[in-house]
Amino acid sequence: GSFLIKLFCVNPAENLKTCMMRGRSTILFSATFLPIQHYKKLLGGEPEDYEVYAKSIFHPAKRALFIANDVTSKYTRRSEEEYYNIARYIEEIVKNRHGNYMVFFPSYAFMRMIYDIYKEHFAGDDRECIMQGDSMSEGDREAFLNRFRDGQGTTGSAAPDTVLIGFCVMGGIFSEGIDLKNDSLIGAIIVGTGLPQVCNEREILKAYFDESGDNGFDYSYRYPGMNKVLQAAGRVIRTVDDVGIIALLDERFLQIAYRKMFPREWEYFETVTVGTVSKRVERFWNEWL
């Protein structure tokens, strides 16, 4: 009972290709197939296979994209000061318009740390903070989402003069596959680049793709992390009528390695600091209110 063998599929491309060749055609679609060449290669595609990037019908002016250049979730920078600045960022963003927001973190431990600091220093009577649990039942999950849909107001938005903030984990049950339309969610704040934690399997992947002539770090860490970021950011814009804010709180998003993975709709963004973000957010909402 103390011996275990695990069969770990490092590259599924050949097996997937074999299965797909049994049919006349295969269509794979997702909102987060970025970068497309990475997923095309990993999912068994051939160089001559078609790639289609569907143009969004959403007007980009209805969404503000802010990137912080003075905070990060990197382990080497984690400190009480950095945690406080991230909590302050959340407050500087949400204080400009009452409504519902979700903040996504790279781990439960990081989330709880910022949650405690925000509650201590910034949360007043007009702030309601709810936090994702690490083992939520289906009922707990629905109750959490209903706070955004219809928990406080008749329209699904927060009650007048109230801010509802959901503290969640990237890659978790609230960062993908949920629809919070219109005023049910008006802002998504993403802390960190979503990089998976270093582990044996990730290192095996990295070594495999390095040996294959690819960038192993991209395949095992950066691409999966960016996928989680895109999934979380996608919660705030669900229909052509939605208006909302996406804030990426990590200076690494300004690096070319990350910017080249942005979707086309993220071509225009604003770089902010904890001291300037409030004015930028206020200006955005003033254009729509």
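Tutor: This is a predicted model. Start with helix α3, residues 80-94, and helix α9, residues 277-286. Their axes lie 8 Å apart, and the packing angle is about 25°. An angle under 35 degrees counts as roughly parallel, so α3 is roughly parallel to α9. The crossing of this pair, α3 and α9, is right-handed. On the α3 side, the contact uses Tyr89, Glu92 and Ile93. On the α9 side, Val277, Ser278 and Val281 meet them. By class, the residues of this contact of α3 with α9 are 4 nonpolar, 1 polar and 1 charged.

Now the other partner of α3. Helix α4 covers residues 108-121. The axes of α3 and α4 come within 9 Å and cross at roughly 65°. The crossing of α3 and α4 is right-handed. From α3, the contact takes in Glu80, Tyr83, Tyr84, Ile86, Ala87, Ile90, Glu91 and Val94. From α4 come Phe110, Met113, Ile114, Ile117, Tyr118 and His121. The residues in the contact of α3 with α4 sort into 11 nonpolar, 1 polar and 2 charged.

Next, a pair elsewhere in the chain. Helix α6 spans residues 200-211, and helix α7 spans residues 216-233. Their axes are 5 Å apart, at an angle of about 135°. α6 brings Arg202, Glu203, Leu205, Lys206, Phe209 and Asp210 to the contact. α7 brings Gly216, Phe217, Tyr219, Ser220, Tyr221 and Pro224. The class count for α6 with α7 is 6 nonpolar, 2 polar and 4 charged residues.

Leu164 sits in strand β4, residues 163-169. The relative accessible area of Leu164 is 0%, so Leu164 is buried. Leu164 and Leu205 are 41 residues apart along the chain, and 40 Å separates their C-alpha atoms.

Ile5 lies in the segment before α1. Its relative accessibility is 70%, so Ile5 counts as exposed. From Ile5 to Leu34 the C-alpha distance is 33 Å, for a sequence separation of 29 residues. Leu34 is joined to Pro35 by a cis peptide bond, with omega about -5°. Pro35 belongs to the loop between α1 (13-20) and α2 (36-42).

Last, the whole chain. There are 9 helices and 7 strands. Which radius of gyration would a compact globule with 289 residues have? The value would be near 19 Å; the chain has 20 Å, which agrees. Along the principal axes, the C-alpha trace spans about 60 × 50 × 40 Å. Of the 289 residues, 45% count as buried. Among contacts with a separation of 6 or more, 78% join residues 24 or more positions apart.

To return to your helix: α3 packs against α9 at about 25°, and α3 crosses α4 at roughly 65°. Both an angle and a distance were quoted for each pair, because two packed helices are described by the angle between their axes and the distance between the axes.

Note on methods
Residues numbered from 1 in each chain as written. Predicted model: local features only at pLDDT ≥ 70, side-chain atom pairs only at ≥ 80, totals over all residues. Heavy atoms only, no water. Helix = DSSP H or I, 4+ residues; strand = E, 2+ residues; numbered from the N terminus. Axes fitted to C-alpha atoms, helices over the stretch in contact; angles between N-to-C directions. Parallel < 35°, antiparallel > 145°, perpendicular 65-115°, else oblique. Left-handed = near helix turned anticlockwise from the far one by under 90°. Contact = heavy atoms within 4.5 Å. Nonpolar A, V, L, I, M, F, W, Y, C, P; charged D, E, K, R; others polar. Rg over C-alpha atoms; globule rule 2.2 N^0.38 Å. Buried < 20%, exposed > 50% of the residue type's maximum accessible area, 1.4 Å probe, protein only.
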